[in-house]
Amino acid sequence: DGSARYAETRLGLLAGAAGCSARADPERTWTALLEQLWNLTTIPGTSRDAYYAVGAAEGFVLDCLGADWKTAVLPGGRALEDLLADAVGVP
């Protein structure tokens with residue numbers, strides 16, 4: 001799901017920034033996600049895989065908003081869309 005794709009991308013960014021040669025460099029990792037978001041039809045797999053990329057993007061937006069969202073998603077299973085709406089004050 002989106003939170004798993006977020007975690008995978010975030011881990012790639014952190015590992016690359018730490019110099020781990022087993023992962024792609026952070027710029028390529030970030031660019032790959034942005035390119036998929038720009039054109040969701042380029043994502044391999046099913047249409048469900050596009051939602052994973054969008055969910056990852058929602059996680060990064062929540063990070064930028066300073067929202068403490070990770071504990072609400074992982075054990076509780078709240079939807080990223082709902083957390084994003086809460087973070088920006090949308091009822």
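# Questions on this predicted model

User: Which helices does the cover over the buried residues of H3 include?

Analyst: This is a predicted model, in which local features need pLDDT of at least 70 and side-chain atom pairs count only at pLDDT 80 or more, while totals for chains, interfaces and linings use all residues. Residues are numbered from 1 along each chain as its sequence is written, and side-chain values use heavy atoms, with hydrogens and water left out. The buried residues of H3, among them Ala50, Gly55, Phe60 and Leu62, are those under 20% relative accessible area, whereas exposed means over 50% and partly exposed lies in between, with a 1.4 Å probe and protein chains only. Counting contact as heavy atoms within 4.5 Å, what covers these residues includes H1, H2 and H5.

User: How many helices and how many strands are there in the chain?

Analyst: Helices (H or I, at least four residues) and strands (E, at least two) are DSSP runs numbered from the N terminus. Read along the sequence, the pattern is α-α-α-α-α. The chain therefore holds, by this DSSP definition, the following numbers of elements: 5 helices and 0 strands.

User: What is the radius of gyration of the chain?

Analyst: Along the principal axes, the C-alpha atoms fill a box of roughly 40 × 30 × 20 Å, and buried residues make up 31% of the 91 residues. The radius of gyration is taken over C-alpha atoms, and the globule rule is 2.2 Å times the number of residues to the power 0.38. For the chain with its 5 helices, that rule gives 12 Å, and the chain is as compact as a globular protein of that length because its own value is close to this, at 14 Å.

User: How far apart are the end C-alpha atoms of H3?

Analyst: The expected span of a helix is 1.5 Å times one less than its number of residues. For the 18 residues of H3 this should come to 26 Å, which agrees with the separation of its end C-alpha atoms, 27 Å.

User: Which residues of H2 are buried?

Analyst: Helix H2 (residues 26-38) reaches 18 Å from its first C-alpha to its last, close to the 18 Å expected for its 13 residues. Its buried residues are Thr29, Leu33 and Gln36, and they lie on the same side of H2 because they cover an arc of only 65° around the axis, the arc being that of the directions from the helix axis to the C-beta atoms. On the other side of H2, Glu27, Arg28, Glu35 and Trp38 are exposed, while what covers the buried residues includes H1 and H3.

User: What is the angle between the planes of the rings of tyrosine 6 and tryptophan 69?

Analyst: Rings of Phe, Tyr and Trp (its six-membered ring) pair if their centres lie within 6.5 Å, and planes under 30 degrees apart count as stacked, over 60 as edge-to-face and the rest as tilted; by this rule there are 3 aromatic pairs. Tyrosine 6 and phenylalanine 60 form a tilted pair, 4.7 Å centre to centre with 55° between the planes, and because tyrosine 6 lies in helix H1 (residues 2-17) and phenylalanine 60 in helix H3 (residues 47-64), this pair ties together parts that are 54 residues apart in sequence. The rings of tyrosine 6 and tryptophan 69 have their centres 4.9 Å apart, and the pair is edge-to-face because the planes stand at 75°.

User: Which residues do ring pairs link into a cluster?

Analyst: Both tyrosine 6 and tryptophan 69 are buried, and phenylalanine 60 is buried as well. Taken together, ring pairs link into one cluster the residues Tyr6, Trp30, Phe60 and Trp69.

User: What is the relative accessible area of tryptophan 69?

Analyst: Tryptophan 69 sits in the loop between H3 and H4. Leaving aside neighbours within four places in sequence, tryptophan 69 is in contact with Tyr6, Gly59, Leu62, Asp63, Leu80 and Leu83. Tryptophan 69 is buried, with a relative accessible area of 4%.
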